[in-house]
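Subject: Structure handover

Hello,

My notes follow below it.

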Amino acid sequence: MVPDIGRGSRTHGLLVYLYGPGRREEHTDAHLVGSWDGFAPDPGRDTSLDPDPRATLARLTAALDLRVKQAGDRAPAKHVWHCSVRTAPGDRHLSDQEWNAVAQRIVHATGIAPNGDPDGCRWIAVRHAEDHIHIVATLVRGDLRNARLNYDFNKAQATCRRIEKELGLRRLNAGDGTAAKNPTSAEKFKAERTGRHETPRETLREAVRHALAGAATEAEFLTRLQEAGLRVKVRAAPSGDAIGYNVALPGDRNRHGEPIWYAGSKLAPDLSLPKIRRRLAGETAERTTHPVTTSGRTDWSPPARERRSATGIAERAATLLDSDDDEAAAQLVGIGELLDAVTQTSPAATRTELAAAARSFERATRSHIQAQRADTRAIRSAARGIIQAGNALGRGEDGATTAMLLSTLVLVTLAAAHWHSARGHAQQAHASRQAAEHLRAAYHQAAATPMRALRDQGRALPAAERRTHQATIRAALPETTMRSDSPSRKTDALTATLAQVEQAGHDPKTLLQQAIAMRELDTAEDVNDVLVWRLRRLAQLPAHPGEATRRPQASASQPKTTTQRTHNRTAPTTAARPTVPAPRNRPPRR
């Protein structure tokens, strides 16, 4: 059951809409189910006194506005309180008597008309559909004082949660006041009228998030907003210091032809300029990437390299979330930025699901828990590197490292869901699980080609070598962990990876144990896939099996470049690569 509260100044106009046919002829049998005294005129049902419903509507308007007229200038400018209350899809249809009880409880809880208060505000409840009602009240009491409505939305939400339980309705997740503001009904209707698939508020919120992903300075953030095609207005104090910003979509104007501006804080609580500054505080110098060369050839492309690096950093974030420490709250913000960065630079095949994952996880980045010693430099640096590396291809090493990163991000979002659930954050936990589902869909798209190639390679191995590596897998992982009716076919890709690990000079058993010990595997949909990507990253194997196998370490005699030395000094400690066992000095298996 979802309440949606708004304020207005035209009682008659709102009633005309509620008793009218609706914008798409969706209103049927509009009638009152409750009122302040139980005797309010009903334009939908009262025909005994006047057969003309317009006259009855005028009498109802006059009755609701009586105390507003009597208060005169003391009445609030927006004296109309409007609350729609809707049941969830799949819920049973409530009777008029049940809806009347719902309305009475809400006006009591919000302070509109407390039980036993003879001077409570006048209100009515209109039903024109099976699944919802509209409560309309005028905010002047019988003693001509203005109603005091403190936290009316939170109180209405809490009341609806109790009603859901009592009436056996679908129980929605309780909010904590940190969610972004939903689009208003007027914004939704305007978007529909102008052919937009979403409201300007939602478009701007996503654009601001994308501009913030990995930004190092406030100036860079504002520049990115302008480069994205948004209109940007910086608000300044008399001293000239910036104190806020507003954004608008080109062409989005009000009835007077003026741009419709949205302050960052109105898009989401964490997008205000002061909170953005706190996020940017302590940012390290801009990271410079440099291609490492091995055997006389340039290593993987910048998008592939940055995705590989981000995978290790995301694993570290998941470990921090598993620790159940409140300080891990900072990692949630960084993961949100990393998702935004990957969304912007991924190929079209996965971008739709990634965008949905980023939008869902946006809700999981905010709660009342604030990290006191937040250090998000590593994960924000990873997001920045992905943005600077540019768009990734959907094939080859770019596509395979995208799959590698997505496999890890699925586990990170599930760790976030567990972290939020442990703290009673129902909405954030649900948002994290939704993000995980979208990431799984994107992963399956990105991983299809490289995993198919690996399975083919695993089946093509000599029988003796294949049996050896499968015995290693069975010894390290019980069959109950493999979750497959045909473990031999399921492990083909993992078998091929172990063979390549050995060919690269590592001990397969040791590296497999290290990959298993990195993090829990219980939340993995496919343990084999997770271990394949961990092994390929630990052993520095190409993510795509079609690439030539590279040695895990560059020659010790090769001097570091200036760029490499600078990066080693500035890179955060949390971004350090995991320790890889030294390669064994023996010829590769033929």
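Strands E6 (residues 231–236) and E7 are antiparallel and are joined by 6 bridges. Strands here are DSSP runs (E, at least two residues), helices likewise (H or I, at least four), numbered from the N terminus. Two strands pair if DSSP finds at least two bridges between them.

Before you go on, note the source. This is a predicted model, where local features need pLDDT of at least 70 and side-chain atom pairs count only at pLDDT 80 or more, while totals for chains, interfaces and linings use all residues. Residues are numbered from 1 along each chain as its sequence is written, and side-chain values use heavy atoms, with hydrogens and water left out.

Strands around E7

Alanine 236 has alanine 242 in E7 as its bridge partner. The E6–E7 hairpin has 5 residues between the strands, and glycine 240 there takes a positive phi near 100°. On E7 there is also a pairing with strand E8 (residues 262–263), antiparallel, over 2 bridges. Asparagine 246 is bridged to alanine 263 in E8. E7 (residues 242–248) is mostly covered, with 5 of its 7 residues buried. Buried means under 20% relative accessible area, exposed over 50%, partly exposed in between (1.4 Å probe, protein chains only).

Whole protein

There are 22 helices and 10 strands. Of the 590 residues, 49% count as buried. The accessible surface (Shrake-Rupley, 1.4 Å probe) is about 27900 Å², and 50% of it belongs to carbon and sulfur atoms. For contacts (heavy atoms within 4.5 Å) with a separation of 6 or more, 72% are between residues 24 or more positions apart.

Cores

A nonpolar core is a set of buried Ala, Val, Leu, Ile, Met, Phe, Trp, Tyr and Cys residues joined through side-chain atoms within 4.5 Å. The largest has 72 residues, and Leu338, Leu409, Leu531 and Trp533 touch the most other members. Helix H14 (residues 396–421) gives the largest share of this core, 13 residues. A second, separate core has 26 residues, including Val33, Ile112, Ile133 and Ile135.

Alanine 499

This residue, alanine 499, sits in helix H19 (residues 492–503). Alanine 499 counts as buried because its relative accessibility is 10%. Beyond neighbours within four places in sequence, alanine 499 contacts Leu461, Glu465 and His469.

Best wishes
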